[in-house]
Amino acid sequence: MLTDTIFEDDRWPQVGLDRLAETGAAAALSHLGLSPERYEIAVLGCDDARIAALNGDFRDKPQATNVLSWPSEDLAAEADGGAPFAPEPEDDDDAHHLGDIALAYETCAQEAADRGIPMEQHVTHLIVHGVLHLLGYDHMRDLDATLMERLEVEILGNLGLPDPYGVDGAPEGA
């Protein structure tokens, strides 16, 4: 399996986080021409308190957010709007660890409710968003944000999901 999902909050299994993580991550990698079988990603389903602590520890922002990601390597493009470097697995036998993603239940549920969309749809978007961060995509510079959002819309569209940026807002964390 591409994703290894860890549940720290008992509400996540009811949403199907493990299935959503696998589907969203595989769709993102496949869309970029990467074979999902060659990679692995750890996904943590936690609550707002845990993600606030993680956000404080790693980003000096001690408040809850929807998703955080920790790439195992820096693949970011140097030029604004450029494609990141491709991850290169070291060998054919072991899956290459791309990094870790964490999602906070309460924040994700509230955002989905506020936008009037199913939780599963929102979580799938956040997984795709987090995987793109693991692959070196970002939204800090304008052209990078445009590229990342276009890819998210394409990947989600391939999964039969609507444009998340046409529904009141974008992901906050990562």
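**Helices, buried residues and cysteines in the predicted model**

Just past helix α2, G33 adopts a positive phi of about 80 degrees. Helices here are DSSP runs of H or I with at least four residues, strands are runs of E with at least two, and both are numbered from the N terminus. The model is a predicted one, so local features need pLDDT of at least 70 and side-chain atom pairs count only at pLDDT 80 or more, while totals for chains, interfaces and linings use all residues. Residues are numbered from 1 along each chain as its sequence is written, and side-chain values use heavy atoms, with hydrogens and water left out.

Helix α2 itself (residues 17-31) has 15 residues, which at 1.5 Å a residue should span 21 Å; its end C-alpha atoms are 21 Å apart, in agreement. The expected span is 1.5 Å times one less than the number of residues in the helix. Buried residues (under 20% relative accessible area with a 1.4 Å probe and protein chains only; exposed is over 50%, partly exposed in between) in α2 are L17, L20, A21, G24, A25, A27, A28 and L29. Their cover includes β1 (3-7), α1 (12-15), β2, β4, α5 and α6.

Helix α3 (residues 48-59) gives a similar check on geometry: twelve residues should span 16 Å, and the end C-alpha atoms sit 15 Å apart, which agrees. I51, A52, L54, N55 and G56 of α3 are buried, and what covers the buried residues of α3 includes β2 (39-46), β3 (67-71) and β4 (96-104).

Strand β2 also holds G45, which counts as buried at 0% relative accessibility. Contact means heavy atoms within 4.5 Å. Leaving out residues up to four places away in sequence, G45 touches I6, F7, E8, D9, W12, L17 and L103. By C-alpha atoms, G45 is separated by 22 Å from G116, which lies 71 residues apart from it along the chain.

Next come α4 and α5. Helix α4 (residues 105-115) packs on helix α5 (residues 119-134) at an angle of about 120 degrees, with the axes 9 Å apart; axes are lines fitted to C-alpha atoms, for helices over the stretch in contact, and angles run from 0 to 180 degrees between N-to-C directions. On the α4 side the contact is made by Y105, C108, A109, E111, A112 and R115, and on the α5 side by M119, H122 and L126. Sorted by class, that makes six nonpolar, one polar and two charged residues. Nonpolar covers Ala, Val, Leu, Ile, Met, Phe, Trp, Tyr, Cys and Pro, charged covers Asp, Glu, Lys and Arg, and the others, Gly among them, are polar.

As for α5, its 16 residues reach 22 Å from first C-alpha to last, close to the 22 Å expected at 1.5 Å a residue. This helix is mostly covered, with 15 of its 16 residues buried. After α5 comes G136, whose phi is positive, near 100 degrees.

The structure holds zero disulfides, a disulfide being a pair of cysteine sulfur atoms within 2.5 Å. The sulfur of C46 has its closest cysteine sulfur in C108, and at 8.7 Å that is too far for a bond. Both C46 and C108 are buried, each with a relative accessible area of 0%.

Finally, D144 is placed in helix α6 (residues 142-158). D144 is buried, with a relative accessible area of 10%. Setting aside neighbours within four places in sequence, D144 is in contact with A79, D80, G81, G82 and D138.
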